[in-house]
Amino acid sequence: MLFFVVFLLFSALILRLGVVQIVYGEHYRKEVERTENVTVTTPVPRGKIYDRYHRVIVDNIPLNAITYTRSQTTKPEETLEIARKLAQYIEKPTDKITERDMKDYWILTRPEKAKAKIPKSEREKLIKKWNKEELTNKEIDKRLYKLTLERITEDDLKEINDEELEVLAIKRELDSGYALTPQIVKNDGVTNEEYAVVSEHLEELPGVNTTTDWERHYVYGNTFRSVLGSVSTSEEGLPRERLDYFLARDYSRNDRVGKSYLEAQYEDVLHGQKAKVKNITDKAGNVIETKEIYKGQRGKDVVLTIDIELQQRVEKIIEEELMIAKQGGGRELLDRAFVVMMNPKTGEILSMAGKLYTRDENGKVEIKDYALGTITSAYAMGSAVKGATVLTGFQTGVIQPGTYLVDEPLKIKDTPVKKSHSGIRPGPMNDLTALQKSSNVYMFKTAIAIAGATYRYNQPLPIDPEAFTTMRKYFNQFGLGVKTGIDLPNEISGFVGNSTLPGHLLDFAIGQFDMYTPMQMAQYVSTIANGGYRMKPQIVKEIREPNNDYDGTQLGPVIRGFEPIVLNRVDMKTEYIERVQEGFRRVMQTSQGTAGAFFAGKPYLPAGKTGTAQAFYDGPIKSKFMTPTYNLTLVGYAPYDDPEVAFSIVVPWVYQNSKNHYPINNKIGQKILDAYFELKQKRISGEPTEQSTADSQADAQQSEQEE
């Protein structure tokens with residue numbers, strides 16, 4: 001009987017084995033051998049940024065890097081062991097370690113002590129209590145872990161010595177990556193020795209690899225820095241506010257992306273096509289093979305309209321003039337100055353500069369880049385806008401070219417006297433003289449006529465409030481009070497006054513009511529210079545394919561060129577615009593012009609308009625808020641008969657008392673035009689410029705290093 005039972009059992013076992021092997025054998029074999037293909041992407045260097053003459057402004061510096069790719073099943077104990085081995089070969093700073101990192105490490109490396117933080121009796125009570133709340137085992141473990149963390153003391157953490165801290169710093173990087181995605185462990189200061197020794201021991205460091213990473217390099221330091229923007233680090237990764245946007249576009253969470261301005265504005269262009277790698281894993285999630293699907297391609301290159309050498313000159317001029325102006329009394333509020341230079345025929349920005357005068361915590365003077373202020377800050381511009389006022393008068397028919405008006409003090413009932421500056425004698429003058437000498441009263445009377453009012457000495461001045469709308473409509477056509485359309489984010493449209501009082505209409509006519517940006521002023525004067533076409537300011541000239549065989553002299557083919565864009569043609573007769581052009585010429589090229597002392601006799605034949613605005617301080621010194629002050633401005637172009645460069649200069653809060661006047665606007669204007677035409681002449685004649693000499697020296701030095 002026993003033999004028979006054993007026989008039956010063996011027969012059943014043999015039958016079962018036959019079914020498993022013959023009937024289901026193929027299925028189970030496939031299940032055992034089942035693998036999973038997981039495709040991951042790895043970052044590539046960003047595209048370069050060049051100036052209009054193809055000088056590299058933003059580049060990539062290659063760096064030795066050590067990376068780690070963890071599998072889907074890697075446990076904390078395994079990364080700890082890898083970190084301990086890696087710590088023998090590299091040095092890792094410990095300054096980024098947090099208290100939470102130390103507590104997690106303490107629990108992992110001292111399990112018995114960690115367990116003792118919650119006595120067995122208390123643990124059982126807690127588990128019993130939480131079971132009643134119908135918590136899962138995973139949720140209970142999380143609560144116990146959190147309670148353990150809370151009970152770790154400072155004395156406990158002092159047990160972690162310096163060697164362990166370095167291990168922890170490395171483990172922190174190993175754990176911060178995502179499964180099957182390479183994570184930078186160290187790329188800052190990796191020595192050749194570290195790189196070599198890690199490469200030799202890769203077999204004992206599963207997931208660790210040595211590779212080449214890159215770092216963004218801004219070749220000209222702080223020059224134009226605020227407009228170029230910045231790129232996130234691998235630790236920062238994708239910005240939270242745009243996480244979904246980037247993830248939907250195949251970015252990894254730890255990818256470096258443009259955070260601001262040009263780097264962010266052209267992220268899709270600069271980012272490049274990421275390399276694709278297929279990781280083949282077994283059923284347990286372990287990587288058994290890696291295949292490269294696509295090598296990737298670095299980002300496309302962006303060529304700017306900026307002349308970086310001119311930009312450097314302009315920034316230096318602003319700094320020097322700010323320092324000189326600050327030496328005078330009554331100028332404690334002066335802390336910034338702006339310059340925009342552009343081609344009035346194409347809208348290409350040649351220079352976009354701003355400087356901010358500050359002091360550090362030790363009282364040392366610092367002059368910071370504030371080029372963004374040319375599109376993000378607005379000020380009362382003063383008489384520089386009078387060209388728009390005269391043209392509005394022409395177009396509305398209240399004055400004609402050659403119309404004479406008497407310059408005289410105006411007194412509106414219950415208001416202070418309004419008059420021109422002290423350099424103008426009372427008497428009749430036409431539109432050209434009004435621009436040449438900068439008559440306020442000529443503009444006042446033009447605005448009064450637009451408002452359909454009649455001025456009588458010391459009587460009320462009833463006006464049609466629609467006059468504000470009418471004048472702003474024409475000002476808008478020049479770009480004053482509307483966004484210029486520049487290809488940069490966060491541009492403001494200026495500030496519009498909300499009063500309709502008669503006196504404020506007169507203030508509006510001389511640029512002391514609404515406020516505009518330096519970029520708007522450059523667009524406005526360019527529109528006058530080119531005969532009435534409002535051009536879109538552009539800072540990007542071309543987008544080019546990356547040249548993988550780049551030798552320092554050639555760029556890749558053009559993918560997209562940015563053609564000049566006319567936003568609108570001002571609704572005014574050509575003869576009207578030519579009349580204002582003549583007035584602007586007289587401002588700078590005649591002895592009686594308000595800028596004649598600085599520009600008369602210049603070979604490049606400039607034209608333009610000065611401005612002084614009575615304003616109120618609204619800067620960073622809160623105790624001085626609303627202090628009466630003066631803004632100095634200057635707009636212009638050259639040559640007057642065939643303009644190739646237009647500019648605006650804005651220097652707010654220059655002084656509080658007219659006795660402390662320093663013509664910083666004219667000083668800057670004279671020097672930037674001199675610099676522009678000097679560089680132009682040297683390039684035409686083939687004479688080396690300061691920058692071309694510096695570039696040649698840098699190329700020679702780089703060649704020596706490569707050799």
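Modeller: Happy to! Contact here means heavy atoms within 4.5 Å. Helices (H or I, at least four residues) and strands (E, at least two) are DSSP runs, numbered from the N terminus. Keep in mind that the model is predicted, with local features needing pLDDT of at least 70, side-chain atom pairs counting only at pLDDT 80 or more, and totals for chains, interfaces and linings using all residues. Residues are numbered from 1 along each chain as its sequence is written, and side-chain values use heavy atoms, leaving out hydrogens and water.

Now to the sheet. Strands of a sheet pair through backbone hydrogen bonds, either parallel or antiparallel; two strands count as paired if DSSP finds at least two bridges between them. Here six strands make an open sheet, ordered E11-E10-E9-E20-E19-E18, with antiparallel pairing. At its edges lie E11 (365-369) and E18 (607-616), each pairing on one side only. From one strand to the next, the twist averages 15°.

Look closely at E9 (residues 336-342) and E10 (residues 349-359): seven bridges join them in the antiparallel sense. Ala-337 stands opposite Lys-355 in E10.

Next come the helices. Axes are lines fitted to C-alpha atoms, for helices over the stretch in contact, and angles run from 0 to 180 degrees between N-to-C directions. Helix H15 (residues 308-326) lies across E9, E10 and E11, at about 35° to E10. Helix H25 (residues 664-685) also packs on the sheet, touching E9, E10, E18, E19 (628-638) and E20 (645-655). The direction of H25 makes about 150° with that of E20.
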